[in-house]
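Have the coordinates open as you read.

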Amino acid sequence: AATVLTIGEILVEIMATTPGEGFGEPQPLVGPFPSGAPAIFIDQVSRLGTPAAIVSRVGDDDFGRLNLNRLRADGVDVSGIEVAAGETTGSAFVRYRPDGSRAFVFNIAHSATGRLSLTPSAEALIERCDHLHIMGSALSAPGIAHLAREAVRRVKARGGSLSFDPNLRPEILQAPGLPEALDEVLAQCDVFLPSGEEIFLFTESKDEAAAVTELLQRGIGTVVIKRGNQGASRFDQHGRIDAAALTVDEVDPTGAGDCFAGAYVSFWLAGADPETTLRYANAAGAHAVTKLGPMEGAATLSGLNALLAAQNGKDP
Ligand code: ADP
């Protein structure tokens with residue numbers, strides 16, 4: 001089976017247990033949970049049985065070990081995760097506001113991930129993978145961006161495929177060199193997975209249908225738009241397919257897009273038809289929001305089948 005590789009940050013997430021404006025006063029917390037968008041993505045790929053690997057860097061601390069142990073237990077090849085002595089693994093404190101938006105305190109700017117480089121084990125994975133998945137967060141930090149762009153060039157040059165999830169949080173939009181890096185990766189990607197309005201950061205057009213047409217004309221094979229609790233849509237030269245959101249209890253939306261993308265890539269690489277691929281990706285996104293903790297909702301195939309079967313039962 002095809003091997004999927006991703007590159008980027010690993011961190012832990014620690015969550016406030018009650019909604020509120022932020023962290024201005026002592027409060028009960030839960031966690032640490034394994035996290036980092038690329039880590040969540042690759043965990044989902046592996047849980048579906050697709051060979052999966054990640055190039056990353058953690059500190060020699062409990063937060064790093066927590067992630068390593070989880071990824072390893074879920075079958076991810078962790079040979080490309082460097083454990084950096086004397087450095088720390090990043091962390092994010094998250095509190096949901098009463099309106100559902102999130103307040104963050106990040107400790108990632110000086111974390112081990114920021115000094116990721118082309119180690120021999122990273123190079124071996126880049127040479128060996130069949131598919132590469134890149135996220136916007138990996139293009140916003142100068143150290144990682146250099147490595148990610150190099151990996152894109154190498155994987156594409158030997159005929160591998162590329163998926164790209166811009167995942168552009170407001171705090172990374174101002175990163176130096178980001179627009180060039182985004183354009184370079186977008187131009188080479190086979191599957192582009194923006195969320196909602198994010199597509200307009202990449203197009204002249206501000207109308208969705210026209211924006212999709214523009215991207216397909218630029219040579220991007222497939223555009224998949226994630227729409228949160230409104231489901232998802234997939235576009236290619238043959239037209240459009242929609243998936244209505246499944247009905248689930250949303251406990252924690254963090255990680256939904258990463259699990260969606262992980263399932264999408266797994267099914268696509270396995271040769272599933274477009275409807276099936278979108279249906280399972282949509283189910284993986286829905287499954288993800290039902291669990292507290294960003295990686296906790298990554299699903300197995302039987303978990304997705306159970307969720308889809310239960311939904312069919314709900315239809316009139
Ligand atoms: P991102 O995390 O990248 O912003 P979304 O929030 O759009 O991504 O979620 C990704 C996908 O997960 C959606 O396209 C949908 O398929 C699924 N999803 C997300 N939230 C829900 C929800 N509340 N109910 C059902 N499905 C959801």
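## A buried threonine in a loop

Thr203 sits in the loop between strand E10 (191–192) and helix H7 (208–217). Helices (H or I, at least four residues) and strands (E, at least two) are DSSP runs, numbered from the N terminus. The model is predicted: local features need pLDDT of at least 70, side-chain atom pairs count only at pLDDT 80 or more, and totals for chains, interfaces and linings use all residues. Residues are numbered from 1 along each chain as its sequence is written, and side-chain values use heavy atoms, with hydrogens and water left out.

Is Thr203 buried or exposed? Thr203 counts as buried because its relative accessibility is 8%. Buried means under 20% relative accessible area, exposed over 50%, and partly exposed in between (1.4 Å probe, protein chains only). The side chain of Thr203 reaches the backbone oxygen of Ser205 at 2.8 Å. That is a polar contact: a pair of N or O atoms within 3.5 Å; within protein, one must be able to donate a hydrogen and the other to accept it, and residues adjacent in sequence count only if both atoms are side-chain atoms. Leaving aside neighbours within four places in sequence, Thr203 is in contact with Ala211, Glu214, Leu215 and Arg218. Contact means heavy atoms within 4.5 Å.

## The ligand site

How many residues surround the ligand? There are 18, and the closest are Ser195, Gly228, Gly231, Glu250 and Asn282. The cut-off is one heavy atom of the residue within 4 Å of the molecule.

A polar side-chain atom of Asn282 lies 2.6 Å from a ligand oxygen. For Ser195, a polar side-chain atom is 2.8 Å from an oxygen atom of the ligand. Gly257 uses a polar backbone atom, 3.1 Å from a ligand oxygen. On its own the ligand has 550 Å² of accessible area, and the protein covers 84% of it. Accessible areas come from the Shrake-Rupley method with a 1.4 Å probe; for residues, only the protein chains shown count as cover.

The largest nonpolar core has 42 residues. Such a core is a set of buried Ala, Val, Leu, Ile, Met, Phe, Trp, Tyr and Cys residues joined through side-chain atoms within 4.5 Å. Leu132, Ile134, Leu139, Phe164, Phe192 and Val223 have the most contacts inside it. Helix H5 gives the most to this core, with six residues.

Phe192 touches Phe164, Pro166, Leu186, Phe202, Leu215, Ile220, Thr222, Val223 and Val224, not counting residues up to four places away in sequence. Apart from this core lies another, of 33 residues, among them Ile10, Ile40, Val78 and Ile81.

In helix H3 (residues 120–128), Ala122, Leu125 and Ile126 are buried. Why do they share a side of H3? They cover an arc of only 100° around the axis, which puts them on the same side of H3. The arc is that of the directions from the helix axis to the C-beta atoms. The buried residues of H3 pack against strand E1 (4–7), strand E4 (52–59) and helix H5 (142–157).

Thr6 is in strand E1. Thr6 counts as buried because its relative accessibility is 0%. Its side chain reaches the backbone oxygen of His133 at 2.7 Å. Beyond four places in sequence, Thr6 touches Pro38, Phe41, Ile42, Ala53, Ile54, Val55, Leu132 and His133.

## Backbone geometry

What joins Gly31 and Pro32? A cis peptide bond does, with omega about 5°. Pro32 is in strand E3 (residues 29–35).

Asn167 has a positive phi of about 45° although it is not a glycine. Asn167 lies in the loop between strand E9 (161–165) and helix H6 (178–188).

Ile241 is in strand E13 (residues 239–243). At 19% relative accessibility, Ile241 counts as buried. Its contacts, leaving aside neighbours within four places in sequence, are Ala232, Ser233, Arg234, Pro274, Glu275 and Leu278. Ile241 and Arg279 are 38 residues apart in sequence and 9.9 Å apart in space, C-alpha to C-alpha.

Val251 lies in the loop between E13 and helix H8 (256–269). Val251 counts as partly exposed, at 44% relative accessibility. Leaving aside neighbours within four places in sequence, Val251 is in contact with Val289, Thr290, Lys291 and Leu292. Val251 and Ser117 are 134 residues apart in sequence and 36 Å apart in space, C-alpha to C-alpha.
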